Amino acid sequence: GSEMCIETAALLAAADRLGIQYIATGHHARVETDAEGVSRICPAADPASDESAALAALPQETLARLILPLGEFSPEELDDLAEELKF
């Protein structure tokens, strides 16, 4: 919702001040970019943990800079990975 847009806008502003092109969040969703360069929010690979609806209102300019590394994994897979990496 609007809270997500405000938080993301603040994160992008901080990234801009630091000269950082991309931002990443821990949301369970995916960003896909088509052949024309249009980025879209897509559901997480695991439907039970999907948070794509919370990001649906983000503008194209934000989606093009957003990295969502957790969207490809289920919570169980992330727990296993964290244990393996000793997080």
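Apart from neighbours within four places in sequence, Ile23 is in contact with Thr8, Leu11, Leu12, Ala15, Arg65, Leu66 and Ile67, contact being heavy atoms within 4.5 Å. This is a predicted model, in which local features need pLDDT of at least 70 and side-chain atom pairs count only at pLDDT 80 or more, while totals for chains, interfaces and linings use all residues. Residues are numbered from 1 along each chain as its sequence is written, and side-chain values use heavy atoms, with hydrogens and water left out.

Ile23 also belongs to the largest nonpolar core, whose nine residues are Leu12, Ala15, Ile23, Ala29, Leu55, Leu58, Leu63, Leu66 and Leu68. Such a core is a set of buried Ala, Val, Leu, Ile, Met, Phe, Trp, Tyr and Cys residues joined through side-chain atoms within 4.5 Å. Buried means under 20% relative accessible area, exposed over 50%, and partly exposed in between (1.4 Å probe, protein chains only).

Ala24 lies in strand β1 (residues 23-24); helices (H or I, at least four residues) and strands (E, at least two) are DSSP runs numbered from the N terminus. With a relative accessible area of 49%, Ala24 is partly exposed. Leu68 is 44 residues from Ala24 in sequence, yet their C-alpha atoms are 5.7 Å apart. Beyond four places in sequence, the contacts of Ala24 are Leu11, Ile67 and Pro69.

Arg65, one of the contacts of Ile23, forms a salt bridge with Asp16, with 2.8 Å between the closest N and O atoms. Because Arg65 sits in the loop between α3 (60-63) and β4 (66-67) and Asp16 in helix α1 (residues 2-18), the pair ties together parts 49 residues apart in sequence. Arg65 is buried at 19% relative accessible area, whereas Asp16 is partly exposed at 48%. The structure holds three salt bridges, each a side-chain nitrogen of Lys or Arg within 4 Å of a carboxyl oxygen of Asp or Glu.

Another of these joins Arg40 and Asp34 (2.7 Å, N to O). Thr33 stands opposite Ser39. The two strands form a hairpin with five residues between them, and Gly37 in the turn has a positive phi of about 85°. Glu32 forms a salt bridge with Arg30, the closest N and O atoms being 2.5 Å apart.

Terms used: Two strands pair if DSSP finds at least two bridges between them.
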